[in-house]
Amino acid sequence: MQAAVNALSTSSTTAQCIFIAKGTYKEQVYVQALKSALTIYGETTDTSTYTANTVTITQSKSQDDSANNDATATLRAWTTNLKVYNINLVNTRGQGSQALAVSANAGKQGYYGCQFKGYQDTILAQEGAQVYAKSYIEGATDFIFGQRATAWFDGCSIRVLAASVGYITANGRDSSSNPSYYVINKSTIAAASGNTVNAGAYYLGRPWRNYARVVFQSSSMTNVINSAGWKIWNTGDERTDQVTFGEYANTGDGASGTRASFSKKLSAAVGITTVLGSDYKDWVDTTYLS
């Protein structure tokens with residue numbers, strides 16, 4: 001897979017693509033900044049879902065052996081105008097260290113019918129406008145995180161692993177001028193297959209920085225979600241004074257209960273243009289949106 005990426009032109013402005021044949025690729029893939037759009041397709045019999053994916057890229061780097069979060073990622077995506085279809089991105093490191101499946105470090109990136117599997121810090125949504133649609137996202141600790149991206153998660157299956165306590169999101173917005181915003185729209189939250197998760201073990205998020213901004217809307221949640229919904233960062237280092245943690249029209253056992261005082265119920269859903277901008281149809285594959 002890296003050999004295919006290395007064969008791309010870094011100077012051409014003509015759109016490029018890579019098609020990946022069925023198989024498991026045991027490697028880390030780095031996509032540097034290109035001047036062109038890039039589309040990466042994984043072989044599948046059903047492009048509309050992740051369930052028929054036949055391409056897996058997997059490795060096990062973590063911050064035990066790497067310099068930073070980005071350096072651990074199975075896919076290090078540093079180019080704009082990127083579309084990724086029907087690929088399973090897996091980091092098998094497991095519990096104990098940050099270990100990413102994807103490091104999304106540029107804007108106008110879209111992931112469609114993909115699977116992201118990790119334990120801690122599975123998806124780094126770091127820079128620019130990004131969309132994750134009809135995809136599977138798995139983890140236990142802060143497994144959707146990042147600092148500056150505006151990311152829209154649409155029709156995703158969010159699945160949590162066995163853990164005594166877990167957090168789905170850890171948004172790192174650090175000021176009122178930081179654009180970062182995560183919206184999880186029309187998605188489902190439940191225990192991952194084969195995992196026994198106690199009721200209330202998981203929180204929708206905690207603030208990596210104290211201006212964290214995350215909304216879950218029109219999504220279904222099983223009782224794996226704690227009745228408080230949201231959690232402080234750590235005792236004595238709460239980071240909740242400026243957070244925006246919101247919910248709208250969620251359903252299921254995990255959507256009920258007395259929520260944390262620093263969160264709020266919204267009176268309307270957040271619009272996609274608020275997160276991705278008014279020009280989102282220019283780069284998003286809207287056929288994957290709910």
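Please find Asp142, which is buried, with a relative accessible area of 6%. Before going further, note that this is a predicted model. Asp142 sits in strand β15, residues 141-146. Its phi is near 50°, a positive value in a residue other than glycine.

There is a second residue of that kind. Lys134 has phi near 45°, again positive and again not a glycine. Its place is the loop between β13, residues 129-133, and β14. Is Lys134 buried or partly exposed? With a relative accessible area of 26%, Lys134 counts as partly exposed, because the buried class stops under 20%. Asp142, at 6%, falls on the buried side of that cut-off.

Strand β14 covers residues 136-139 and pairs with β11, residues 115-117, in the parallel sense over three bridges. Within that pairing, Phe116 stands opposite Ile137 of β14.

Which sheet do these two strands belong to? Both are in an open sheet of eight strands, with parallel pairing, in the order β2-β5-β8-β11-β14-β17-β20-β23. At the edges are β2, residues 23-26, and β23, residues 220-221, each of which pairs on one side only.

Strand β4, residues 38-42, runs parallel to β7, residues 82-85, and four bridges join them. Tyr41 has Tyr85 as its bridge partner in β7. Strand β7 also pairs with β10, residues 109-112, in the parallel sense and over four bridges. There, Val84 stands opposite Tyr111 of β10.

Please move along the chain to β22, residues 213-217. How many of its residues are buried? Five of its five are, which makes the strand mostly covered. Both of its faces are covered: Arg213, Val215 and Gln217 lie on one side, Val214 and Phe216 on the other, and all are buried. Note that an arginine and a glutamine are in that list.

Strand β22 has parallel pairings with β19 and β24. Four bridges join it to β19, residues 181-185, and five bridges join it to β24, residues 244-248. Gln217 takes part in both pairings: Asn185 stands opposite Gln217, and Tyr248 is the bridge partner of Gln217 in β24.

Staying in β24, look at Gly246, which is found in that strand. Gly246 is buried, with a relative accessible area of 0%. What is Gly246 in contact with, leaving aside its neighbours within four places in sequence? The list is Val214, Val215, Phe216, Trp230, Lys264 and Leu266. Val214, Val215 and Phe216 are residues of β22. As for Ser263, 17 residues away from Gly246 along the chain, the two C-alpha atoms are separated by 5.8 Å.

With neighbours within four places in sequence left aside, Ala99 is in contact with Lys61, Ser62, Thr72, Asn91, Arg93, Gln120 and Asp121. Ala99 and Ser261 are 162 residues apart in sequence, and from C-alpha to C-alpha they are 31 Å apart in space.

To finish, the chain as a whole. It has two helices and 25 strands. Of its 290 residues, 58% count as buried. Where contacts join residues at least 6 apart in sequence, 68% of them join residues at least 24 apart.

On dimensions, the C-alpha trace spans about 55 × 40 × 35 Å along its principal axes.

The chain has 23 positive and 20 negative side chains, and the centres of the two sets lie 2 Å apart.

That is the end of the tour. Please ask for any region to be shown again.

Terms used
Residues are numbered from 1 along each chain as its sequence is written. This is a predicted model: local features need pLDDT of at least 70, side-chain atom pairs count only at pLDDT 80 or more; totals for chains, interfaces and linings use all residues. Side-chain values use heavy atoms; hydrogens and water are left out. Buried means under 20% relative accessible area, exposed over 50%, partly exposed in between (1.4 Å probe, protein chains only). Contact means heavy atoms within 4.5 Å. Lys and Arg count as positive and Asp and Glu as negative; His and the chain ends are not counted. The place of a charge is taken as NZ of Lys, CZ of Arg, CG of Asp or CD of Glu. Two strands pair if DSSP finds at least two bridges between them.
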